[in-house]
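I opened this entry to keep a record of what I looked up, starting with the whole chain and ending with single residues.

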Amino acid sequence: MVRRPVAWVVAFVLFVEALGVAALNWFLGVVVDRQNMSLAGLDPGMMSTSSKIGGIVFGLYFALCGLVALLVAVRDRAPAGLGRILLISAAVAHGLLGAVVWGLVGPLAFLSMVVVLGLVVLLLMTYDGPAGRSADAAFEGGAGGDGSPAAPPVTPPAAPTAP
């Protein structure tokens, strides 16, 4: 199926994005520091430091999201709890970033944000099934990963007949 490869691709993309975001913010902090630029009288050293700290924080955030996707790929189970919340927040962040970069950077950056957004949403939707069961067992209706039998099929009641 497509579930595990999507999870592997999402993990790889999020790890690369984590490195890219951290490196870009670090580079911008170095540029601000070396050119001694100031914005409306703000301290250039503080701007440089905050850019570097922000890059590290967002890089760690995307790396943590990548780790969740990697665990989904290895375990072949749906993300649960905090992992699911992290992936949903990463999807929202990519949607918002995509809306912003269209005007600031251009259509290619927008397209890359939308592709990552689509991959994260696809990861979340392909593992949408009962909790505690493997994805294949939930899809096929077989026994769960814990050895419990599959639930019997639900049949609708018979239609009433007129006398």
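My notes on the chain and on two of its residues follow.

**Whole chain.** I noted at the start that this is a predicted model. I looked up the secondary structure and found five helices and zero strands in the protein chain. Read along the sequence, the pattern is α-α-α-α-α. I then checked burial: of the 163 residues in the protein chain, 29% are buried. The accessible surface is about 10400 Å², and carbon and sulfur atoms account for 74% of that surface.

**Contacts along the chain.** I took the contacts between residues at least 6 apart in sequence and found that 64% of them join residues at least 24 apart.

**Ala-91.** I located Ala-91 in helix H3, which covers residues 82-104. Is Ala-91 buried or exposed? I read a relative accessibility of 9%; the cut-off for buried is under 20%, so Ala-91 counts as buried. Next I looked up its contacts, setting aside residues up to four places away in sequence, and found Leu-117, Val-120 and Val-121. I also checked Gly-118, which lies 27 residues from Ala-91 along the chain. The C-alpha atoms of Ala-91 and Gly-118 are 8.0 Å apart.

**Ser-48.** I found Ser-48 in helix H2, residues 44-75. Which residues does Ser-48 contact, leaving aside neighbours within four places in sequence? I listed Gly-29, Val-30, Val-32 and Asp-33.

Conventions: Residues are numbered from 1 along each chain as its sequence is written. This is a predicted model: local features need pLDDT of at least 70, side-chain atom pairs count only at pLDDT 80 or more; totals for chains, interfaces and linings use all residues. Side-chain values use heavy atoms; hydrogens and water are left out. Helices (H or I, at least four residues) and strands (E, at least two) are DSSP runs, numbered from the N terminus. Buried means under 20% relative accessible area, exposed over 50%, partly exposed in between (1.4 Å probe, protein chains only). Contact means heavy atoms within 4.5 Å. Accessible areas come from the Shrake-Rupley method with a 1.4 Å probe; for residues, only the protein chains shown count as cover.
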